[in-house]
Amino acid sequence: MPLPPSAPVSDPAPEPASRRSRASGRVTLQDVADAAGVSPMTVSRALRGERRVDPALADKVRETALRLGYVPDPAARALASQKSHQVLVIVPLLSNTLFVDLIEAAHKVLFAAGYHLLIGVSHYSPAEEEQLLRAYLPMRPAGLMLTGYERSAGSAQLLAASATACVHLMELHAEGAAAGMHSVGFSQVDAGVTMTQHLLGQGYRRIAFCGAQLDARVMQRLQGYRQALQQAGLADPGLEILSPERSSLALGGQLLEQVLQLGGGVDAVFFCNDDLAQGALLAVNRIGLAVPGQLAIAGFNDLPGSAQMVPPLTTIHTPRSAIGAEAATMLLQLVQGQPVAHTRRDLGYHLVRRASA
């Protein structure tokens, strides 16, 4: 039965009706329109599944597009229609389970709402993050999800000029920060305090800290460690071992060797993440050092495998999946113009007490 006539509806502008580029050989919307004997607007409507297009004609258009190998250009559509269903998320690494869990959770929320992720990896480099923003912002993503707040002046200018909805991950913006800030995470400083106080509560007094990569979140954990030891009157800068190298099991073993060379009866080590702590546990098992009898070892993030170490690793559990899902939900609210009740969502953390400390 034919549909009743309806008032004309303004359509998003179609992709530019240019001919196939000789350089790229890319099939254009105009190519499909010519082959099907219809207008580019009809092709655009048919491929979007609009009911106003006759079903038989829509089938013909889809068959023609398939035969020619036509692939819609989302960037061109976004530029033409001022709309996008892509969300850019930039994380430091994809080799770290923490960020993979975060992205997976965000993807589930956004995909269910019809949005797709563009993933950028900055390798903890503000310069690389700026390059990614310069490459992706012209595609007019619907929203952004960025890790932390440390970025170049160029990135800050790009973000301000784009006025794209943005949610920051893992870290919380300061209380009383400028309006328009949105973040989902937890206090890295408080988590550092909690772990150090746990070690103090277990009777350890010479507690070393080992950090790597030295990004903002690691330095905030170090700040918490320092605060707890200063309050206990046990602060000793000589027990801090910091490396700019990327975290790894191998580096954890190397940092442990440096701890053992400190002397002075170090009785516990707080590693800034589980990668390092797991490497340290493997190293002490090789050399026959008793944990926690001779040396307690603690980590951070509660990564897979930490509960299976020998002995199982004491660590801080971070809610990365919950952060990804909550940040995606907040971003959807911003993109869709809905009110956001809490612009600063603290999802907390918890201490996981195991046998290593």
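Q: Hi! What should I know about the numbering and the model before we start?
A: Residues are numbered from 1 along each chain as its sequence is written. The model is predicted, so local features need pLDDT of at least 70 and side-chain atom pairs pLDDT 80 or more, while totals for chains, interfaces and linings use all residues, and side-chain values use heavy atoms, leaving out hydrogens and water.

Q: Is Cys210 buried or exposed?
A: Cys210 is buried, with a relative accessible area of 0%. Buried means under 20% relative accessible area, exposed over 50%, and partly exposed in between (1.4 Å probe, protein chains only). Cys272 is buried as well, also at 0%.

Q: New topic: what is the strand order in the open sheet?
A: The order is S7-S6-S8-S9, with parallel pairing. Strands are DSSP runs of E, at least two residues, and helices are runs of H or I, at least four, numbered from the N terminus. Two strands pair if DSSP finds at least two bridges between them.

Q: Which strands stand at the edges?
A: S7 (240-243) and S9 (296-298) do; each has a single partner strand, so one side of each is left without a neighbour in the sheet.

Q: How many bridges join S8 and S9?
A: Three, in the parallel sense, with S8 covering residues 268-271. Ala268 stands opposite Ala296 in S9.
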